[in-house]
Amino acid sequence: MSTRRLSIYPNSQSFEDNLFELQRNFSSLAKNLHELDSINQNLLTFNKNFAVFLQGLRLNSECFEFPEAPNADSYKLARRPATPPPAPSPQIPSAKEKDHELEMMDEQVSGIARPKASMDKQQNKKRVVIKAGSKRRKPVFQTRKITDLLAPRFQGHPHKEIIERMLKELYMNREGMYVHELLRDVGGGLSRNKCMDYMNALVHTEAVVRVNKKGHLFYLDPEKYP
C-alpha cells in the first residue's frame, strides 16, 4: 500500500514565485534609490561650487571699479548722431550790396551827394578791400603735424590713416569722445584694444588730452588747437 506524502503548505510554490518577484522589485528599487542619491550628491556639490563662484564675483565687483562699464549717460551718447549736422553758413552780401550800403551811410553822414568821379574812385577802393578780405579762409586742421610726432610703428599703413580719421572726429567733437564713440564713428572693424593703443600714442604726443570721466574721455588740447 503506497503512502501519499501530503504537503503542509499546499500553495508554497505560488508563494515562492511571488516572493521572488517581490525580491527582484526591491532590488531594482534599491538600485534606483542609490542612483538618485548619487544625483543628489552631485547637485549638492554643484550648488556649493556655484555659490562660491557667485560670491567671488560679488566680492570682485565690490573691490574693483569698472570706469568703462556702460551707464545711463553712455546710452544717451550712443543714441547721438554720428556727426553733428553742419551749421548753416551765414549769407555773405555781394560786393554791389556792400557798396550800396556804404554809399547810403556816407550820404547820411555828410548829407551832401558826392561827385560821380569821386564815387567811382571810392567804389573801386571798396571793391579792392572786399576782394582782399574775401581771400581770408578759416585755418584748416592739419593732422600731419600730429602724426609726424608718432612712433615709427604708427607711421605705416593703415595705422596712420586710422589715426588721422580719429583726429578729425576729435576736431569735430571738441567736447571730447569716449572709446565706444570713436569705434562707432571711425568704423573699419577697429578693435577696442587697438583703438586704446592709438589714443595712448596720441596722448604721448601731447596733442590729445585724456581724462577719467565715467570712462576714458579724449579731446584735443584746446590751448594748442583752439
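Modeller: Glu21 has a relative accessibility of 33% and therefore counts as partly exposed; please keep in mind that this is a predicted model. The side chain of Glu21 meets that of Arg24 in a salt bridge, at 2.3 Å from N to O, and this is one of three salt bridges that the structure holds. Because Glu21 and Arg24 are three residues apart in helix α1, about one helical turn separates them. Arg24, with a relative accessible area of 45%, is likewise partly exposed.

A second pair is formed by Asp197 and Arg153, whose side chains meet in a salt bridge at 3.3 Å, N to O. This pair links distant parts of the chain, since Asp197 belongs to helix α8 (residues 192-204) while Arg153 sits in the loop between α5 (144-147) and α6 (159-172), the two being 44 residues apart. Asp197 has a relative accessible area of 24% and is partly exposed, whereas Arg153, at 54%, is exposed, the cut-off for that class being over 50%.

The remaining pair is Arg184 and Asp185, with side chains that meet in a salt bridge at 3.0 Å, N to O. Here Arg184 counts as partly exposed at 31% relative accessibility, but Asp185 has a relative accessible area of 15% and is therefore buried, because buried means under 20%.

How values were computed:
Residues numbered from 1 in each chain as written. Predicted model: local features only at pLDDT ≥ 70, side-chain atom pairs only at ≥ 80, totals over all residues. Heavy atoms only, no water. Salt bridge = Lys/Arg side-chain N within 4 Å of Asp/Glu carboxyl O. Helix = DSSP H or I, 4+ residues; strand = E, 2+ residues; numbered from the N terminus. Buried < 20%, exposed > 50% of the residue type's maximum accessible area, 1.4 Å probe, protein only.
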